[in-house]
Amino acid sequence: MAVSVKKLIYETRRKRNSFNTGAGQDLTVLDLVSVINEAYEIIVENYVRLADADPLIKEGIRKLEVKGKSLVLENRGDHYFAKYPDNYFKRLNHYVIATCKDCDGSKIIVPRLVQPDDLHEARKNPYRKANYAWEQLVMDDGAEGLYIYTDGEMELSKVVIDYYRKINYVQAPSLVECAGHEYLDYSDELITKDVDFDLDSTYIARKVSDVAALIASADSMDRPQFELKLNQIIAVNKLI
């Protein structure tokens, strides 16, 4: 069951007050929403990094997984560019559907990711370069998408990935004390509807409110103290 943004705001304000009595009274709803979203980013970035090694963490963020997404594909001659979706955060798996001009049917091929400084050599190496019969392709991962080098050896009809999506930021205009119950966020977007926490995990929600309260109290502590407390909160052994 999703955790309501109202509960997150209540818990963040309460926990901030525990750092310094009365300190939470000067935070607006927009301030609280902002620190909660910053905390949410910190928690998810950390857990995505650790998910492969910890099944409990992986289960907690499973709702962020998107399976079997076909990417928009552009043929650029010697290579194809497959654009990531707008909500892309981290790739989990990938494959392509490839065909060959004088071959029957199609093949599923998993391109091999190479580092940019190794790309030129990989495209010349007969044991690594594009080869339909050997089901070989080399690929480079860019900020906006995947670069898959076919070098005239095959055509691609589809590129598919599994990935973690970006979080949906919480919003709470219903708590604003104005007639319209709306506000402009820090990106100047008009927010008119509440957006609840989008992971079905009260444990992760608790950590988000812990980190949000810490961020909101950061001015009252030095940097080493802040980082120590942050690391204690997000420690894996305190997930439950």
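This is a predicted model: local features need pLDDT of at least 70, side-chain atom pairs count only at pLDDT 80 or more; totals for chains, interfaces and linings use all residues.
Four strands form an open sheet in the order β1-β9-β4-β5, and their pairing is antiparallel. The edges belong to β1 (65-70) and β5 (107-109). Each edge strand has a single partner, so one side of each is left without a neighbour in the sheet. On average, neighbouring strands of this sheet are turned by 20 degrees against each other, direction ignored.

Strands of a sheet pair through backbone hydrogen bonds. Here, β1 pairs with β9 (residues 155-165) in the antiparallel sense, over four bridges. Serine 70 has valine 160 in β9 as its bridge partner.

**Aromatic pairs**

A search of the whole structure finds four aromatic pairs. A pair of rings is described by the distance of the centres and the angle of the planes. Two of the pairs are set out here.

| Pair | Centre to centre | Angle between planes | Arrangement |
|---|---|---|---|
| Phenylalanine 81 and tyrosine 147 | 4.9 Å | 45 degrees | tilted |
| Tyrosine 88 and tyrosine 163 | 5.8 Å | 40 degrees | tilted |

Take phenylalanine 81 and tyrosine 147. Phenylalanine 81 sits in strand β3 (residues 79-83), and tyrosine 147 in strand β8 (residues 145-149). The pair links distant parts of the chain, 66 residues apart. Is phenylalanine 81 buried or exposed? Its relative accessibility is 8%, under the 20% limit, so phenylalanine 81 counts as buried. Tyrosine 147 is at 24% relative accessibility and therefore counts as partly exposed.

Now the tyrosine pair. Tyrosine 88 lies in strand β4 (residues 88-99) and tyrosine 163 in strand β9, so the pair ties together parts 75 residues apart in sequence. Both tyrosine 88 and tyrosine 163 are buried. The strands that hold them, β4 and β9, belong to the open sheet described above. Ring pairs also bring in Tyr84, which joins Tyr88 and Tyr163 in a cluster.

**A charge over a ring**

Which residue lies over the face of tyrosine 132? That residue is lysine 107, at 4.7 Å from the ring centre. Residue 107 also falls within the edge strand β5 (107-109).

**The start of the chain**

Alanine 2 is found in the segment before α1 (5-19). At 39% relative accessibility, alanine 2 counts as partly exposed. Alanine 2 and aspartate 196 are 194 residues apart in sequence, yet 7.0 Å apart in space, C-alpha to C-alpha. Leaving aside neighbours within four places in sequence, alanine 2 is in contact with Phe197 and Asp200.

Key: Residues are numbered from 1 along each chain as its sequence is written. Side-chain values use heavy atoms; hydrogens and water are left out. Two strands pair if DSSP finds at least two bridges between them. Helices (H or I, at least four residues) and strands (E, at least two) are DSSP runs, numbered from the N terminus. Axes are lines fitted to C-alpha atoms, for helices over the stretch in contact, and angles run from 0 to 180 degrees between N-to-C directions. Rings of Phe, Tyr and Trp (its six-membered ring) pair if their centres lie within 6.5 Å; planes under 30 degrees apart count as stacked, over 60 as edge-to-face and the rest as tilted. Buried means under 20% relative accessible area, exposed over 50%, partly exposed in between (1.4 Å probe, protein chains only). A charge sits over a ring if NZ of Lys or CZ of Arg is within 6 Å of the ring centre and within 35 degrees of the ring normal. Contact means heavy atoms within 4.5 Å.
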